[in-house]
Amino acid sequence: GVSICTVNKALSGKPKVSEARRKQIQEKAREMGFEVDSLAQAMARNPITIGVFISATHSDLYYNILKQGMEEEFKRLEKYKIYPAYYVVSNQDSGNSVQSVIAWIEEHNVEAICFCPNIYNTKLLESIIEYGIPVFLSGGGIVPPKETITTVSIDAYLSGRIVADFFHCLYGEKTNAAVFIDSMSTIVQRKKAEAFRAALADYGVTDVEIVEHFNDPFLTYQKM
């Protein structure tokens, strides 16, 4: 026989159980028709806090939609005692900002972090990973390190080509074009702009300018 503690570890995916013993217990549980009750497990554990990092230079229109979707999902996760904690991140590579973020993580007992789009603070990301917090990326603000769990992003290149196809249908070949984007340092936006320019070149439109506006309406108006 085995102890209740060993059975719990084997069925919950916890360490300190040999793979042979884990497999033996799992097979016996399947024979008995036993399934792990994830809701009961959640009620027995401490709450889990997921840190959601939002860029200080975010677009309200975009982030309001993104946050709405996140809040709907977090609402569904409440029964598993999983809750969000939001933090606005500066894109400045400041040692003080890194220290303040680590202090915030400790204060709120954050166990994982989601980096939202338009965060380019690679120093902060590297410091959090080094600290030992699991990280996953939403969008393509920065190149994902190997240590991140996953990255959820759109097909930026395809998006840029679709827009170029639509542009060509409206204006044809005898025209020029300008692409206004936040920053070429953002992976997703750079890929969109490059795909837009490449697709128009296929149609014979070579006069395409890429303009960075850095989410500044006044700068955008000036460059127009």
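**Figure 1. Phe 167, a buried ring to start from.** Phe 167 has a relative accessible area of 17%, and the cut-off for buried is under 20%, so Phe 167 counts as buried. Phe 196 falls under that cut-off too, because its relative accessibility is 6%. The model shown here and in every other panel is predicted.

**Figure 2. The whole chain, before zooming in.** Here's the setting: the protein chain has nine helices and seven strands. The chain is 224 residues in length, and 34% of them count as buried. Look at contacts between residues with a separation of 6 or more, and 61% of those in the protein chain join residues 24 or more positions apart.

**Figure 3. Aromatic rings, in a cluster and in pairs.** Which residues make up the aromatic cluster? Phe 53, Tyr 87, Trp 104 and Phe 115 form one together. Counted as pairs, the aromatic rings of the model come to six. One of them is the pair of Tyr 87 and Trp 104, which is tilted, with 4.9 Å from centre to centre and 55° between the planes. Tyr 87 belongs to strand β2 (residues 82-89) and Trp 104 to helix α5 (residues 95-107), so this pair ties together parts that lie 17 residues apart in sequence. Both Tyr 87 and Trp 104 are buried. Now back to the rings from the opening view: Phe 167 and Phe 196 make an edge-to-face pair, because their planes meet at 75°, with the ring centres 5.8 Å apart. That pair bridges distant parts of the chain, since Phe 167 sits in helix α7 (residues 156-171) and Phe 196 in helix α8 (residues 187-202), 29 residues apart.

**Figure 4. A lysine over a tyrosine ring.** What sits over the ring of Tyr 86? It's the charged end of Lys 67, 4.6 Å from the centre of the ring.

**Figure 5. Inside the second largest pocket.** This pocket holds about 250 Å³ of space. Its lining has 13 residues, and Met 70, Phe 74, Cys 114, Phe 136 and Ser 138 are the closest to its centre. The elements giving two or more residues to the lining are β1 (48-55), α4 (60-77) and β4 (135-138). Which of the elements gives the largest share of the lining? That's α4, with five residues.

Figure 6. Zoom in on Ser 138, which has its place in strand β4. Is Ser 138 buried or exposed? Its relative accessibility is 15%, so Ser 138 counts as buried. Set aside its neighbours within four places in sequence, and Ser 138 is in contact with Leu 66, Cys 114, Phe 115, Cys 116, Pro 117 and Val 152.

Figure 7. Helix α6 covers residues 122-131, and its buried residues are Leu 124, Leu 125, Ser 127, Ile 128 and Ile 129. An α-helix has 3.6 residues a turn, so residues three or four places apart point the same way. After α6 comes Gly 132, with a positive phi near 105°.

**Figure 8. Two loop residues with a positive phi.** Most residues other than glycine have a negative phi. Lys 81 isn't a glycine, yet its phi is positive, about 60°. You'll find Lys 81 in the loop between α4 and β2, and it is partly exposed, with a relative accessible area of 22%. Asn 109 is another non-glycine with a positive phi, about 50° in its case. Asn 109 is in the loop between α5 and β3 (110-115), and with a relative accessible area of 55% it is exposed.

**Figure 9. Glu 35, out on a loop.** Where is Glu 35 found? Its place is the loop between α2 (19-31) and α3 (38-44). Glu 35 counts as exposed, because its relative accessibility is 69%. Leu 11 is 24 residues away from Glu 35 along the chain, and the C-alpha atoms of the two are separated by 8.9 Å.

How values were computed
Residues numbered from 1 in each chain as written. Predicted model: local features only at pLDDT ≥ 70, side-chain atom pairs only at ≥ 80, totals over all residues. Heavy atoms only, no water. Buried < 20%, exposed > 50% of the residue type's maximum accessible area, 1.4 Å probe, protein only. Helix = DSSP H or I, 4+ residues; strand = E, 2+ residues; numbered from the N terminus. Phe/Tyr/Trp six-rings, centres within 6.5 Å; stacked < 30°, edge-to-face > 60°. Lys NZ or Arg CZ within 6 Å of the ring centre and 35° of its normal. 1 Å grid on protein atoms, 1.4 Å probe; cavity = no way out; pocket = protein on both sides within 12 Å on 5 of 7 lines; lining within 4 Å. Points joined across faces, edges and corners; volume = space filled by probe spheres on them. Contact = heavy atoms within 4.5 Å.
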